[in-house]
Amino acid sequence: MNSLKTTTTTWAFPACPTAPHWSIDWPVILQKYSCIRVLADCPQDPEYHAEGNVLIHTQMVCGALVSNLDWQNLPAEERSIVFTAALFHDIAKPATTQKGDDGRLHAKGHSKLGGRMVRDLLDEMDTPFGIRESIVAIVEMGSLPLWFWDKPNPQRAIIFASQVSRCDWLAMMADADLRGRICQDGQKFADSIELFREFCQEQGCWDRPFAFASAQSRFIYFRKEDADPYYDAYDTTKFEVILTCGIPGTGKDFWISQQHPELPVVSLDALRSEMGIGPKEEQGNVIRAARDLARSYLQRQIPFVWNATNVIRSQRGGLVDLCTDYQARVRIVYLEVPYGRVLSQNQAREAVVPEVVVDRFRRRLEIPNVTEAQAVDWVIRQ
């Protein structure tokens with residue numbers, strides 16, 4: 001499945017305000033979510049946040065959002081998605097805020113860390129995968145409309161954003177973030193949000209993904225820095241390679257046996273077993289053996305499965321490069337099950353991966369998105 005929308009019933013965040021009063025129950029939120037309470041102890045740089053600590057800012061942001069008629073007019077599930085992102089958008093600031101050499105307060109990396117923290121929090125609430133990842137994307141990219149014109153390639157930035165989120169949601173988040181603070185450059189940021197809106201509408205990706213001519217065109221565009229997004233790329237691929245992605249214990253071996261029993265498999269687990277190398281030991285020889293075996297299939301244009309965790313985006317990128325050098329098209333298959341089931345399935349494996357290693361994979365996981373290959377499937381068992 002190539003869509004992150006995986007639910008058929010409407011999801012709602014319990015604390016999301018509803019009509020007709022649109023009131024936010026802060027006592028309940030503060031009682032229930034310790035990650036929000038601690039924001040009161042986190043200061044901010046007064047140039048960009050003269051309103052005070054992060055909790056004050058968060059409350060102002062949420063208030064600004066729910067007073068926005070565009071937000072109120074969204075379908076109920078979409079309102080919950082954007083409100084949840086606004087509520088938790090700064091939960092990583094206590095962990096990342098520090099005073100720099102310039103004497104100013106900085107929270108470098110808080111959006112990326114915040115995305116991981118929100119994913120864990122929503123997992124504990126049994127949030128459907130597609131909803132969860134939509135919220136995570138807003139947390140990670142919600143400030144893009146404020147800064148997108150400073151990017152080396154603003155067009156590429158918004159087209160990418162449209163593939164993994166919705167640009168109208170990002171603008172709504174950025175507008176609330178701006179109205180929920182006291183800063184010196186307010187008009188500059190307001191102008192940037194409006195320019196973001198106009199630019200996205202011109203590109204046809206305001207409330208939907210940018211429409212590439214084909215999956216191959218999308219793939220080529222994100223592999224070249226100065227590519228034309230409107231170019232209809234000729235598909236020169238000859239065969240398909242599947243790359244699995246998922247932490248240990250998600251059932252990758254079982255999925256392959258059920259879906260593609262006919263394909264040869266390059267399995268890092270199998271190679272480790274053959275070579276007598278444990279998962280905690282140096283993996284260089286295992287990777288080299290896997291690449292040699294993969295090249296033997298690629299040179300003969302034989303479809304196969306590369307079966308490994310592949311949790312890091314740059315790691316997947318190197319494998320995609322290897323395959324496309326031989327005119328293979330790549331399909332990434334991401335597998336996910338609840339973490340408790342991961343641990344039990346891992347214990348049932350012939351070669352059990354130490355739990356500390358499984359947790360390390362989980363913390364490093366970067367879930368694949370559609371910009372990474374010609375096709376990306378998400379196989380989610382909740």
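Helix H3 packs, through its buried residues, against helices H1 (26-32), H2 (34-37), H4 (69-72), H5 (76-88), H6 (93-96) and H11. Buried means under 20% relative accessible area, with a 1.4 Å probe and protein chains only; contact means heavy atoms within 4.5 Å. Helices here are DSSP runs of H or I, at least four residues, and strands are runs of E, at least two, numbered from the N terminus.

This is a predicted model, where local features need pLDDT of at least 70 and side-chain atom pairs count only at pLDDT 80 or more, while totals for chains, interfaces and linings use all residues. Residues are numbered from 1 along each chain as its sequence is written, and side-chain values use heavy atoms, leaving out hydrogens and water.

Back to H3, residues 54-66. Its buried residues include Val-54, Leu-55, His-57, Val-61 and Leu-65. At the N-terminal end, Asn-53 is the cap, with a side-chain oxygen 3.0 Å from the backbone nitrogen of Leu-55.

Now the cores. A nonpolar core is a set of buried Ala, Val, Leu, Ile, Met, Phe, Trp, Tyr and Cys residues joined through side-chain atoms within 4.5 Å. The largest has 69 residues, and Phe-13, Trp-71 and Phe-88 are among those touching the most other members. Helix H11 (residues 167-179) contributes the most, 9 residues. Beyond four places in sequence, the contacts of Phe-88 include Tyr-33, Ile-36 and Leu-121. A second, separate core of 40 residues includes Val-241 and Ala-328.

Overall, the protein chain has 19 helices and 7 strands. Of its 382 residues, 52% count as buried.

How values were computed. Buried means under 20% relative accessible area, exposed over 50%, partly exposed in between (1.4 Å probe, protein chains only). A polar contact is a pair of N or O atoms within 3.5 Å; within protein, one must be able to donate a hydrogen and the other to accept it, and residues adjacent in sequence count only if both atoms are side-chain atoms.
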